[in-house]
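Hi,

Have a look at it first, then read on.

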There are 2 protein chains.
Amino acid sequence: MTTHDRWLLPDGIEELLPVAAAKVEQLRRQLLDLYGSWGYQLVIPPLVEFTESLLIGLGSDIELLTFRVTDQISGRSMGIRADITPQVARIDAHSLAQEGVSRLCYAGEVLHTRQTSLLASRSPIKLGAELYGDPSLQADLEVISLMLETMTTAGVPRVILDLGHVGIYRALLHGSGLDEAQEQAVFDALQRKSLPDLGDALQAVSNQQRRQQILELAGMHGDETVLQNIPYADAAVAELREVSGAIARRYPAVEIYFDLGELRGYHYHTGLVFAAYVPGHGQAVANGGRYDDVGQVFGRARPATGFNTDLKALLEILAGSLAVPETVAISAPAQGDAALWELVAELRAGGEVVISSSSGEIDPRCDRQLRSREGKWKVEKC
Amino acid sequence: MTTHDRWLLPDGIEELLPVAAAKVEQLRRQLLDLYGSWGYQLVIPPLVEFTESLLIGLGSDIELLTFRVTDQISGRSMGIRADITPQVARIDAHSLAQEGVSRLCYAGEVLHTRQTSLLASRSPIKLGAELYGDPSLQADLEVISLMLETMTTAGVPRVILDLGHVGIYRALLHGSGLDEAQEQAVFDALQRKSLPDLGDALQAVSNQQRRQQILELAGMHGDETVLQNIPYADAAVAELREVSGAIARRYPAVEIYFDLGELRGYHYHTGLVFAAYVPGHGQAVANGGRYDDVGQVFGRARPATGFNTDLKALLEILAGSLAVPETVAISAPAQGDAALWELVAELRAGGEVVISSSSGEIDPRCDRQLRSREGKWKVEKC
């Protein structure tokens, strides 16, 4: 590596320069304040933990995404977090261990060994909210509402809410007579929405009706008519109906889309799953779901539902449309008397940006400058 | 590892629970706003970069502190940043590459392989400001002032400013006739302030007066009287006098302490070095210095001076003294009509925290609740 390319960043690893960084900081504050106004308390988990604390059965995807390093103090393996949810679950289950409902939120960078989609960042800035201790559908409704408010607060003009429920696929699989390897083959084919592979994998299912129902699941997406004529998984279908009805009343502008064959997070989700999409962007900009009992590995099983978004993804979606007020600053000479120093401190405390100049050159962000007139400092147009 | 200790965090790796996290978030915002009011623009560098981009000759300390992982895309070595300064230097030199002066600031976590002192965190939250393109002493004065304002804004009651200048030791070493290994031995002994070792190492210096002067350097700390009777390094001594005089006028309450044998960052600092101490705390809470030409490895040598602090260290110093307004919230039933939903949205938009309750149990943070009286929703005391 020569001097000439020492500034290269790895693929999928970005830096944010002043305009983008100011937007991200603005979004971060607005969204954390939003979560605060709903009663969600900020926690700040660390960048690394022992691998066993981070990888708690949330699926092999997250294991493959996690960078590992050796702790020079204990000699044990640590992971750089690829997801903040397990950390917050640990905090709820062990560190806080409070009775009743707890609402927690977070904002922080995570790191991925590889890109989860073609243009995805390997260092997303994750922001999310988690609701523990409430098994009711009202909790899911709250979290979905907060995910939609996140989009509104960020200024995303049009949002599609994608709803699913892992209970539907579970009901079909239940009593299908498949062994683990056969189940995995069906799951893989369904996740890839590959009908030929799915047909092959389903040969192992003896019940022809069941086989047909699983095959149909791959195509079950669209408006609420897909909920009709599902003669199984009544409880899951009822939950989908209730939540979509309530969301339609609360947020009439949001388009609701059902995707019953969607199995993202199937290995740890236990109920409703949801995602927010923006037209023209293939990847979900936020997603979440119910994941009861994830705290069990830390000694306390708890009902849980939550969502998260990525500020870098939001930034890209918003592109030019997010207004950041342009800085208009005052230039001040670096050297001056005590009166100048006091005036500069006053101006800054009053909300002005004052940029010092030691050479007499004025920073291009300044439209005014401090000049001495007859022994007094005045703010004048540049 | 069993379920029972799966929640253990590695030594020196902390999580921040709601009260501490709220304080850190408050500090973060106040300090970034402070830097903004001085014209410093936020940048957000990534958590990882190629090792060659992070380790740019800032000394072996930082190399030993840096965790390394292999990039699965390029096969090359990446480092988890142990310091943000080299990243910001890269941004100034290459990514922004603007003419004239640039002022940048940042806030983010870093990771250390080991603790830099007995109780130090291995995952500090670094906040800092860097001033590029201004070689004048006014730039150092600005950065030192901003470091002191950081302490005031954070609410640190009493601050000691520690001043040094690498030019003093450099002047003594110049022409001492030592080879690299001998120089290193002298440096190590001086850094450890071990007089016997220093005496041994200095045997290699033939000039007796020079030997005596280096030996005396180890004891040269205290008030400004230590600047008297230094018959070498005139320029460095003049800079120390000028800066300490200006700081004393600007911040009469700050105690100034000179430490001429202090060699922290000697390998990359090129002029004034400074640190802020709080009585009763052994480690500096903020530090910085001039480090001209650090951008050279990225293709552009630039005058540079800056400082950084650690929000976790600040939090510890402030302990109970930092006031975070206690949340006083309103409880609202999770289920209700459209009028309830509208009122809740209004209250939240107006700055209230409204916490939904699906079970009827009221969150302990609530001192009021929403109740329906004759068909209208009212806020009442709990």
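Let me start with a hairpin: β3(A) and β4(A) form one with 6 residues between them, and A:Gly75 in its turn has a positive phi of about 75°.

Before the rest, two notes on provenance. This is a predicted model, in which local features need pLDDT of at least 70 and side-chain atom pairs count only at pLDDT 80 or more, while totals for chains, interfaces and linings use all residues. Residues are numbered from 1 along each chain as its sequence is written, and chains are lettered from A and ligands numbered from 1 in the order in which they are written.

β3 (residues 68-70) of chain A runs antiparallel to β4(A), joined by 3 bridges; two strands count as paired if DSSP finds at least two bridges between them. β4 (residues 77-80) of chain A also pairs with β2 (residues 48-50) of chain A, in the antiparallel sense and over 3 bridges.

Now chain A as a whole. The secondary structure comes to 12 helices and 16 strands, and the C-alpha trace spans about 95 × 55 × 50 Å along its principal axes. The chain is divided into domain 1 (9-159 + 278-321) and domain 2 (329-381), with bounds from an automatic or database domain assignment. The C-alpha centres of these domains lie 43 Å apart.

An open, mixed sheet of 4 strands in chain A has the order β14-β13-β15-β16. β14 (353-357) and β16 (376-381) of chain A stand at the edges with a single partner strand each, so one side of each has no neighbour in the sheet. Within this chain, β13 (residues 329-333) and β15 (residues 366-373) pair in the parallel sense over 3 bridges, and A:Ser331 stands opposite A:Gln369.

In chain B, β13 (residues 329-333) and β15 (residues 366-373) run parallel, joined by 3 bridges. β15(B) also runs antiparallel to β16 (residues 376-381) of chain B, with 6 bridges. These two strands form a hairpin with 2 residues between them, and B:Glu374 in the turn has a positive phi of about 50°.

Finally, a helix pair: α1 (residues 18-37) and α5 (residues 137-154) of chain B pack at about 145°, with axes 10 Å apart. Axes are lines fitted to C-alpha atoms, for helices over the stretch in contact, and angles run from 0 to 180 degrees between N-to-C directions. Among the residues making this contact are B:Leu27 and B:Leu31 of α1(B), and B:Leu146 and B:Thr150 of α5(B).

Enjoy exploring!

Note on methods. Contact = placed C-beta atoms within 7 Å.
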